[in-house]
Amino acid sequence: MLKNLNTYKDGDARMSMGILSLITFVIWFVAIQESLKPEKNQSNRKIMMLTSAGSLLTLALTISLFQTL
């Protein structure tokens, strides 16, 4: 009578982790490209936002990977 409440399949979780890791990689790549620009052309606000987003997503990926162990 009781239905399984877990609606996500194992493949869905792996796919979402893959998408999240790809987004994280792109964010870090853009942050590095911005920091490699000459100092007068750098946007400090952009670098801070990208670094914050990259750190948060990296933390989420790390926690998710340790939960699967």
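L22 counts as exposed because its relative accessibility is 55%; here buried means under 20% relative accessible area, exposed over 50%, and partly exposed in between, with a 1.4 Å probe and protein chains only. L22 belongs to helix α1, which covers residues 10-35. Helices (H or I, at least four residues) and strands (E, at least two) are DSSP runs, numbered from the N terminus.

The model is a predicted one, in which local features need pLDDT of at least 70 and side-chain atom pairs count only at pLDDT 80 or more, whereas totals for chains, interfaces and linings use all residues. Residues are numbered from 1 along each chain as its sequence is written, and side-chain values use heavy atoms, with hydrogens and water left out.

In secondary structure, the protein comprises 2 helices and 0 strands. Its accessible surface amounts to about 6,100 Å², of which carbon and sulfur atoms supply 67%; such areas come from the Shrake-Rupley method with a 1.4 Å probe, and for residues only the protein chains shown count as cover. Of the 69 residues, 13% count as buried.

L22 also takes part in a feature of the surface. Together with F25, V26, F29 and V30, L22 makes a nonpolar patch of about 480 Å². Patches are made of residues with over 30% relative accessible area and no salt bridge, like charges being joined within 9 Å and nonpolar side chains (Val, Leu, Ile, Met, Phe, Trp, Tyr) within 5 Å.

A pair of aromatic rings is described by the distance of the centres and the angle of the planes. The structure holds 1 aromatic pair. This pair is formed by F25 and F29 and is stacked, with 6.3 Å from centre to centre and 25 degrees between the planes. By definition, rings of Phe, Tyr and Trp (its six-membered ring) pair if their centres lie within 6.5 Å; planes under 30 degrees apart count as stacked, over 60 as edge-to-face and the rest as tilted. Because F25 and F29 are 4 residues apart in helix α1, about one helical turn separates them. F25 is exposed, its relative accessible area being 55%, while F29, at 45% relative accessibility, counts as partly exposed.

Helix α2 spans residues 44-67 and has 24 residues; from its first C-alpha to its last it reaches 35 Å, close to the 34 Å expected at 1.5 Å a residue. The expected span is 1.5 Å times one less than the number of residues in the helix. The buried residues of α2 are I47, L50, G54, L57 and L61.

G18 counts as partly exposed because its relative accessibility is 36%. A31, another residue of helix α1, counts as buried at 7% relative accessibility.

In one, the side chains of K37 and E34 meet at 3.0 Å, N to O. In the other, E34 pairs with K46, the closest N and O atoms being 3.6 Å apart. E34 lies in helix α1 and K46 in helix α2, so this pair ties together parts that are 12 residues apart in sequence.

K37 counts as partly exposed at 36%, and K46 counts as partly exposed at 39%. Leaving aside its neighbours within four places in sequence, E34 is in contact (heavy atoms within 4.5 Å) with N41, Q42, S43, K46 and I47. Among these, I47 is also one of the buried residues of α2.

Terms used:
A salt bridge is a side-chain nitrogen of Lys or Arg within 4 Å of a carboxyl oxygen of Asp or Glu.
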